[in-house]
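Subject: Structure handover

Hello,

Please find the structure below. My notes on it follow.

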Amino acid sequence: MKKIVVLVSGQGSNLQALIDACQQGRIAAEIAAVFSNKAQAYGLQRAAAAGIAAHALDPKAYEDRAAFDAALADAIDQYQPSLVVLAGYMRILSPQFVQRYAGRMLNIHPSLLPKYPGLHTHRQAIDNGDGEHGTSVHFVTEQLDGGPVILQAKVPIFPGDEEDEVIERVQAQEHTLYPLVVNWFVEGRLMMREGAAWLDGERLPAQGHAAD
């Protein structure tokens, strides 16, 4: 069975969705390990509760970002994963790390990319008066939140919405979207080539599969 390694920094709600999907057979792979840059990340507790190896590496113990990422990659490679999944991993990755897992690393970002790369996406969408927001699953490249989009889901923003209401709406979509895309990859249906995402042998458009 193919192996997945997941990187988290916080609560790990998307990690939990992936754990559940693996246990229920909706992802044809196993999560071999979870790594975090924060020892107190609740995602590590979720992993441990599911019997998954959980590791924390302290960035302060390394000389620089490249040294930390090299150590992290060496630790990841001990599990020989087919796929590395970022699930709320809040560190910018070094070019060397990205290149090491090129074409086999996914991220989920809470916006309709290319809108709102980076942080505070929900607040930006509300403050700008957007009528819709959403989430995007994409391949990871050296450009921050700029890799080829695979699949997006949209949610409405209603007048008077608070940020936590929008976050909850987006996360509900993420917990469905991410396991689906991860399974596409492990089943060999999804790949990155020529700077684009391909599904079932067809090049996906800029906004990913089934963009409307």
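Contact here means heavy atoms within 4.5 Å. Helices (H or I, at least four residues) and strands (E, at least two) are DSSP runs, numbered from the N terminus. This is a predicted model, where local features need pLDDT of at least 70, side-chain atom pairs count only at pLDDT 80 or more, and totals for chains, interfaces and linings use all residues. Residues are numbered from 1 along each chain as its sequence is written, and side-chain values use heavy atoms, with hydrogens and water left out.

Helix α1

Buried residues (under 20% relative accessible area, 1.4 Å probe, protein chains only) in α1 are N14, L15, A17, L18, I19, A21 and C22. Their cover includes β1 (2–8), β2 (29–36), α2, β4 (83–86), β5 and α6 (163–186). After α1 comes G25, with a positive phi near 80°.

Helix α1 (residues 13–23) packs on helix α2 (residues 42–49) at about 15°, the axes being 9 Å apart. The axes are lines fitted to C-alpha atoms over the stretch in contact, and angles run from 0 to 180 degrees between N-to-C directions. The pair is therefore roughly parallel (angles under 35 degrees). S13, L15, Q16 and I19 of α1 meet G43, R46 and A47 of α2.

H109

The UniProt annotation "active site", from an unreviewed entry, covers H109; such annotations may be inferred rather than shown by experiment. H109 lies in strand β5 (residues 105–109) and counts as buried because its relative accessibility is 3%. Leaving aside neighbours within four places in sequence, H109 has contacts that include Y116, H138, D145 and E174.

Regards

Methods
Angles under 35 degrees count as roughly parallel, over 145 as roughly antiparallel, 65 to 115 as roughly perpendicular and the rest as oblique. Buried means under 20% relative accessible area, exposed over 50%, partly exposed in between (1.4 Å probe, protein chains only).
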